[in-house]
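User: Please go through the pocket and the helix packing of this model with me, one question at a time.

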Amino acid sequence: EGSNTDQQKAADAFRTALEKDSTDTRARVGLADILFDTGNWSEAIVHYRAAVRHDSSLVTAIIDQGVCYYNLSVPEEAERLFNLALARDPHQPFALFNLGIVYERRGDPERALQYFHRALQTSPPENMKPALMEAMQRVVQQTGKQAPPLDQGR
């Protein structure tokens, strides 16, 4: 639901691959990503969970599953999954950023600022930096506190 023709073709191909081999994590994550991109959060969770069950090193799938839970208004499970991703990769900028979002929405802007700042220090992808800077600025305005300076070595 909500997919375009190309996404539908790709989803059909992933489903066909999964009919042949239900443990195909590449197909499982590919299908979950399409479901994620089209806002089918509950269905995406099912496929991310199955993929991670077969390969617990799929940090991005863990994070995306957490985003799905957050979008379904289950922030406690989202937080658990973001922390699980950080246990596997302590410098994962998307997990840090999303934890910041959880804490900001929970009304804990100081803790949110810590996570946003940590995410910025991880050398995140360039396309992520504007969202991080905007989030930090929003929280700084709420708290009246300044973000700590970034490490000069980064």
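The questions below take up the pocket and then a pair of helices.

Analyst: This is a predicted model, in which local features need pLDDT of at least 70 and side-chain atom pairs count only at pLDDT 80 or more, while totals for chains, interfaces and linings use all residues. Residues are numbered from 1 along each chain as its sequence is written, and side-chain values use heavy atoms, with hydrogens and water left out.

User: Which helix gives the most to the lining of the largest pocket?

Analyst: A pocket here is an open set of points on a 1 Å grid over the protein atoms alone, where a 1.4 Å probe fits, with protein on both sides within 12 Å along at least five of seven lines, and its lining residues have an atom within 4 Å of a point. The lining comprises T60, I63, D64, V67, Q92, F94, F97, N98, N127, M128 and A131. Helices are DSSP runs (H or I, at least four residues) numbered from the N terminus, and α4 (59-71) and α6 (93-105) each supply at least two lining residues. The helix that gives the most, with 4 residues, is α4.

User: Are α4 and α6 roughly parallel or roughly antiparallel?

Analyst: Axes are lines fitted to C-alpha atoms over the stretch in contact, with angles from 0 to 180 degrees between N-to-C directions, and those of α4 and α6 come within 10 Å and cross at roughly 20 degrees. Angles under 35 degrees count as roughly parallel and those over 145 as roughly antiparallel. The two helices, α4 and α6, are therefore roughly parallel.

Definitions and conventions:
Angles under 35 degrees count as roughly parallel, over 145 as roughly antiparallel, 65 to 115 as roughly perpendicular and the rest as oblique.
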